[in-house]
Every structure is written in C-alpha cells, then in structure tokens.
Amino acid sequence: MAKPDDRSDNAEKLQNMISNTEENIRESEAYLAANAGEISQEERTNLEAKNQRREESIEGYRAEIKDESSQA
C-alpha cells in the first residue's frame with residue numbers, strides 16, 4: 001500500500017534546498033575567483049553554466065514554495 005502524500009514540511013525542505021544551492025553558487029564563485037589564472041576557459045565556462053542552472057533551480061524552488069503557500 002502506498003504511503004499518503006504528506007507535504008506538510010515541503011516548503012521547509014524547499015527552503016533548505018534554496019539555501020544549499022545558494023551556498024554551492026557562492027563556493028563555485030569563490031573557487032573561480034581564487035583560481036582564475038589556473039583554470040581553463042572550458043572549466044570556467046562549465047562552472048558558469050552550472051551556476052546558471054543553479055539559479056534557474058532556485059527560481060523553480062521559489063515558485064514551488066509560492067504554490068505550496070497558496071494551497072495551504
């Protein structure tokens with residue numbers, strides 16, 4: 001038998017995901033700044049693209065939080 005869908009803490013989980021993703025962005029930016037002369041252009045481009053995807057994920061998480069709060 002399937003478990004019931006409990007979303008009571010979904011907004012909290014989403015907020016934690018936002019915080020973790022923002023931290024990953026900061027760490028990546030710090031890495032880029034500290035190693036600017038030592039990393040290849042390809043690695044830089046890859047990290048910048050990854051941060052862009054992270055930003056898009058954060059927007060999605062925020063939209064989900066908004067959706068969750070409107071359903072409550």
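Select Asn24 and show whatever touches it. Apart from neighbours within four places in sequence, Asn24 is in contact with Asn51 and Arg54. This is a predicted model, so keep in mind that local features are described where pLDDT is at least 70. Asn24 sits in helix H1. Is Asn24 buried or exposed, or partly exposed? Its relative accessibility is 34%, and because this falls between the 20% and 50% cut-offs, Asn24 counts as partly exposed. Now draw a distance from the C-alpha atom of Asn24 to that of Glu42: the two residues are 18 apart along the chain, and the distance is 19 Å.

Next, select Thr21. Thr21 is also a residue of helix H1. With neighbours within four places in sequence left out, the contacts of Thr21 are Arg54, Ile58 and Tyr61. Thr21 has a relative accessible area of 11%, and because buried means under 20%, Thr21 is classed as buried.

Move on to Ile18. Which residues does Ile18 touch, not counting those up to four places away in sequence? They are Ile58, Tyr61, Arg62 and Ile65.

Now go to Glu43, in helix H2. Glu43 is partly exposed, at a relative accessible area of 30%. A line from the C-alpha atom of Glu43 to that of Leu32 gives 9.3 Å, for two residues that are eleven apart along the chain.

Thr45 is the next selection, again in helix H2. Thr45 has a relative accessible area of 40% and is partly exposed. How many Å separate the C-alpha atoms of Thr45 and Ala2? The separation is 44 Å, and the two residues are 43 apart along the chain.

Finally, clear the selection and look at the whole chain. The secondary structure consists of two helices and zero strands. Turn the model along its principal axes: the C-alpha atoms fill a box of roughly 55 × 30 × 15 Å. The radius of gyration is 17 Å, whereas a compact globule of 72 residues would have one near 11 Å.

Colour by accessibility next. Of the 72 residues, 21% count as buried; Thr21 is one of the buried residues. The accessible surface is about 5600 Å², and carbon and sulfur atoms account for 46% of that area.

Then display contacts over the whole chain. Taking those with a separation of 6 or more, 67% are between residues 24 or more positions apart.

Methods: Residues numbered from 1 in each chain as written. Predicted model: local features only at pLDDT ≥ 70, side-chain atom pairs only at ≥ 80, totals over all residues. Heavy atoms only, no water. Contact = heavy atoms within 4.5 Å. Helix = DSSP H or I, 4+ residues; strand = E, 2+ residues; numbered from the N terminus. Buried < 20%, exposed > 50% of the residue type's maximum accessible area, 1.4 Å probe, protein only. Rg over C-alpha atoms; globule rule 2.2 N^0.38 Å. Areas by Shrake-Rupley, 256 points an atom, 1.4 Å probe, with all protein chains shown as cover.
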